[in-house]
Amino acid sequence: MSVELDVFVGNTTIMDKEVYQLWLNGYTVYDAVRVRMEGGVMEEYEANAEVLLSDTMDQFRTFQMCERLLHNPAKLANQLLFQIPPDRQAMLIERYYAFDDAFAREVLGKKLSKGTKKDLDDISAKTGIMLKSCRRQFDNFKRVFKVVEELKGPLVENIRQHFLLSDQLARDYAAIVFFTSNRFETGKRKLHYITFQDFAFCAGQLINNWTIGSVDNMAEDMDVDLDKEFLQDLKDLKILITDKDLLDQHKSLVCTSLRGKTKVFNEMEANFKNLSRGLVNIAAKLTNTKDVRDFFIDLVEKFIEPCRSDKWTTVDMALYLTHYTNSAHLLDSFRHQAVWNRYMGVIKSCILRMYHD
């Protein structure tokens, strides 16, 4: 009895995106099979459980063999073991280095050390992210940090080129590297409401405006180190609160601009001096490493919390900060406009991002 068979032979490595995601998420083979069965894959392909198990095991094995190449993504394009089309390579890399914002939020600003790695069990329980996935994400953070801390040039571009990531993912990794390098405090209770993406946005503002690289693109470590000369110049802004005439003039200019434009004008007028002292004192203390670490706590305590207690809206906040910044240009004896603009541009952007009314 003769049997006819249709045979197709190919050398392109088969990789199912959904199975890959299950592997990345930390599922075991048998749990992944269960998820696939519940998703209706057996009916879709008219396969039985044995075939599904074999297929899942085969793909998991392939992913594990590819993993060492993913640690240095450029090697994936040059290896001959797996025939993977360029678009599929890009997908493998992007998804491998993708991370959960909830996980990133838990480790942001902490040392990427064995001590933090020991906390992954707790982070997994808290976030609901599988431990295996937490380990992958932590190891990726550490790997990126180690590579780029030795490189000169723009941080985002270095990450993007070395790890072949999309621009947005490279920016998110740049935020993690920047926070890790400067050890910003993010774990205090009053900062818990601030999301990873809020902090990542602020990191971008700081990198683009306050680092050495923002003024000298030939500097070493330019996007990680804050510009010490700029931080020193910030001390000159204290004249806005130590000179009583300047403080009164500044208040008068701001309040004249705001009168009739907001329901919380009385609160703005009454608290002007305290709020101004808060912002200027934050600036003047940034030469100290500890005060750099406490930057976000200080913004919340000295400015955001008082405004929130007075029920300012986001629109009120934007209006106030705009006039507060611009009015300083009208003070005849104030000679530090460039430093003021560089400082307040970042402060305004960060506060507006962090302020949830």
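Student: How do you know how many helices and strands the protein has?

Tutor: The count is 21 helices and zero strands, where helices are DSSP runs of H or I with at least four residues and strands are E runs of at least two. This is a predicted model, so local features need pLDDT of at least 70, side-chain atom pairs count only at pLDDT 80 or more, and totals for chains, interfaces and linings use all residues. Residues are numbered from 1 along each chain as its sequence is written, and side-chain values use heavy atoms, without hydrogens and water.

Student: What sets the protein against a compact globule?

Tutor: Its radius of gyration is 26 Å, while a compact globule of 357 residues would have one near 21 Å. That radius is taken over C-alpha atoms, and the globule rule is 2.2 Å times the number of residues to the power 0.38. The C-alpha trace spans about 105 × 45 × 35 Å along its principal axes.

Student: What makes domain 2 and domain 3 count as in contact?

Tutor: Contact means heavy atoms within 4.5 Å, and five residues of domain 2 meet six of domain 3 this way. Domain 2 is 101-186 and domain 3 is 228-354, with bounds from an automatic or database domain assignment.
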